[in-house]
Amino acid sequence: GQIINNTVLTPINYDSDYAAAIYLEGIYSAPAYMEMNGGVIEGNKTILSEHDEYFCGGALVNYRSDLVINDGIIRNNEGPSGSGIYFFSMKWGEILTGSMVISGGQIYGNKTNRVNQSAVGESSPVYIDGEGFELKGGGSEIVDNIYLRTVTDKISVSANIYQLGRRYHIY
């Protein structure tokens, strides 16, 4: 399947910090679940109102949810932070439920639409805020930059990643 060319326009004084073409949000006792086994998420945009300076998202927001990516392509999406994937499992220092496991697929060509910003640091296409992010094996190709918001955020690597020429850029 395809989720392509959608635009999310945040209204002024929007009462959430996140928006995207795909938005997963669980509750404290039961995270939402999504498994991606193929398909394309492409050309989606999140556009900020002039008052929403810190709004995040683009193609996919994972908030208190479990996301598994086994295959598929997330490319050429646009948003202020996490234009490819924005993963959030922590709020006000409190660890929430949620995980993100990537064992396959491709993430590339996603960009920030923040004025005068490049897709690094807080404007990176893959934005990690919390624990529970795992790269599993060597089947994924993440060309876009990955940003870990705090020193306690981490990437777990399970199994071995043996791929000649594979590089991950983490900030």
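Where does Asn76 lie? Okay, have a look at the structure: Asn76 is in the loop that links β7 (65-75) with β8 (78-79). Before I go on, remember that this is a predicted model.

So, what about the phi of Asn76? The angle is positive, about 55°, even though Asn76 isn't a glycine. And the surface? The relative accessible area of Asn76 is 40%. Buried means under 20% and exposed means over 50%, so Asn76 gets called partly exposed.

Now hop over to Asn5. You'll find Asn5 in the loop between β1 (2-4) and β2 (7-9). Here, too, we have a residue other than glycine with a positive phi, near 55°. Asn5 has 56% relative accessibility, and the cut-off for exposed is over 50%, so Asn5 counts as exposed.

Okay, next one: is Asn44 buried or exposed? Asn44 is buried, because its relative accessible area is 0% and the limit is under 20%. Asn44 sits in a loop as well, the one between β4 (32-42) and β5 (45-47).

And who does Asn44 touch?

With Asn5, a polar atom of the Asn44 side chain lies 3.5 Å from the backbone nitrogen of Asn5. With Asn77, look at the C-alpha atoms: Asn44 and Asn77 are 33 residues apart along the chain, and yet those atoms are separated by 4.8 Å.

Conventions. Residues numbered from 1 in each chain as written. Predicted model: local features only at pLDDT ≥ 70, side-chain atom pairs only at ≥ 80, totals over all residues. Heavy atoms only, no water. Helix = DSSP H or I, 4+ residues; strand = E, 2+ residues; numbered from the N terminus. Buried < 20%, exposed > 50% of the residue type's maximum accessible area, 1.4 Å probe, protein only. Polar contact = N/O pair within 3.5 Å; in protein donor to acceptor, adjacent residues only side chain to side chain.
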